[in-house]
Amino acid sequence: MASRGTVSGAAAAALAMAFLLLLGIIGVCRGQLQVGFYSDSCPDAEDTVTAAVQDAAGNDPTILPALLRLQFHDCFVKGCDASVLIRSANNDAEVNNGKNQGLRGQDVVDAAKAQLEDQCPGVVSCADIIALAARDAVGMTGGPSFDVPTGRRDGLTSNLRDADVLPDAADSINVLRSSFAAAGLNDRDLVLLTAAHTVGTTACFFVKDRLYSFPLPGGGRGSDPSIPASFLTELKARCPPGDFNTRLALDRGSENAFDDSILRNIRSGLGVIASDAALAGSNATRALVDAYLGPSAGSFQQDFAAAMVRMGSIGAITGDDAGEIRDVCSSFNSN
């Protein structure tokens, strides 16, 4: 079972073939997204992004899961158009929405963009840099290596209220399934993209309601009854009342490596945030979790990579007549 990013020659060949098929489908459906989009116009573009991610991770390895979160938060709000990078003097851009609290990685994108503007001015979009940086982050944590189709353009709007559609850490399984369906994704994508929580941490702020103010079936509030007693004691010790900032591993015992441990924890009732734990509460998503820990274990990494490509294609702006290529990722072009 592949759990640390290593695959056999046969598995690698199968992965490559699957991606050729997948990317062919995306090419038909998305028009201008294609692997190697910058091969002529900016041939070092992808290497430049990879170097920027490596430099950032060398100083702070926690930036890698942050870059995954950055792409998710960009793509789920009106598509993968880098609107989450816009900064507003009036604090009314997407990034100012409370659901984007603690979002990081923008500086890595800015650093890559600055280098790319020196190499190939006005060519590489901020939206593509986000997608490439997230891909690199997966590989650098031991996950699969995969090709990302590029050719996105940057969006022209960024509004605080648009980010209200982002899934929340406290969402029920029905809300999560609806949110993913609205984005053109299915239950398998929900399980696979949730598995990105195999790396990284969360703050007690996103756990406190499960521990102290969860709505109880008979009325009143208390601790989420689905949390095993010993795990509840552990969480409360780490997150006492009033502590919003202590960091907890999302994948208990394996937060620094890309593997299937997050799914094992979810199945065992050890999901830290409610939205992760919710996967065990639906027959459809529970069956997928069980499959990736059983008969489909060998395809987990390949399927995760495919889900990342699908997410990265949501609402992509392509073609010269829409969007723009920003000069600076945090602001719209003035012309």
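Predicted model: local features only at pLDDT ≥ 70, side-chain atom pairs only at ≥ 80, totals over all residues.
**Helix contacts**

Two packed helices are described by the angle between their axes and the distance between the axes. The table sets out these values for the two pairs treated here.

| Helix pair | Axis approach | Crossing angle |
|---|---|---|
| Helix 7 (residues 187–194) and helix 13 (residues 300–311) | within 9 Å | roughly 105 degrees |
| Helix 2 (residues 45–59) and helix 4 (residues 106–119) | within 9 Å | roughly 145 degrees |

For helix 2 and helix 4, the crossing is right-handed. Helix 2 contributes Ala-45, Thr-48, Val-49, Ala-52, Val-53 and Ala-56, while helix 4 contributes Val-108, Ala-112, Gln-115, Leu-116 and Gln-119. The contact of helix 2 with helix 4 has eight nonpolar and three polar residues, and no charged ones.

In soluble globular proteins, nonpolar side chains tend to be buried together. In this model the largest nonpolar core has 73 residues, and those with the most contacts inside it are Leu-85, Leu-263 and Met-308. Helix 5 (residues 126–140) supplies the largest share of this core, namely 10 residues. Apart from it lies another core, of 14 residues, which includes Ala-169, Phe-231, Leu-232 and Leu-270.

Leu-85, when its neighbours within four places in sequence are left aside, is in contact with Leu-70, Gln-106, Val-109, Cys-126, Ile-130, Arg-326, Cys-329 and Ser-330.

**A buried loop residue**

Ser-158 is placed in the loop between helix 5 and helix 6 (173–182). With a relative accessible area of 10%, and with the limit for burial set at under 20%, Ser-158 is therefore buried. Beyond its neighbours within four places in sequence, Ser-158 is in contact with Ser-83, Ile-86, Asp-92, Ala-93, Glu-94 and Phe-332. Thr-141 lies 17 residues from Ser-158 along the chain, and the C-alpha atoms of these two residues are separated by 31 Å.

How values were computed
Residues numbered from 1 in each chain as written. Heavy atoms only, no water. Axes fitted to C-alpha atoms, helices over the stretch in contact; angles between N-to-C directions. Helix = DSSP H or I, 4+ residues; strand = E, 2+ residues; numbered from the N terminus. Core = buried A, V, L, I, M, F, W, Y, C linked by side-chain atoms within 4.5 Å. Buried < 20%, exposed > 50% of the residue type's maximum accessible area, 1.4 Å probe, protein only. Contact = heavy atoms within 4.5 Å. Left-handed = near helix turned anticlockwise from the far one by under 90°. Nonpolar A, V, L, I, M, F, W, Y, C, P; charged D, E, K, R; others polar.
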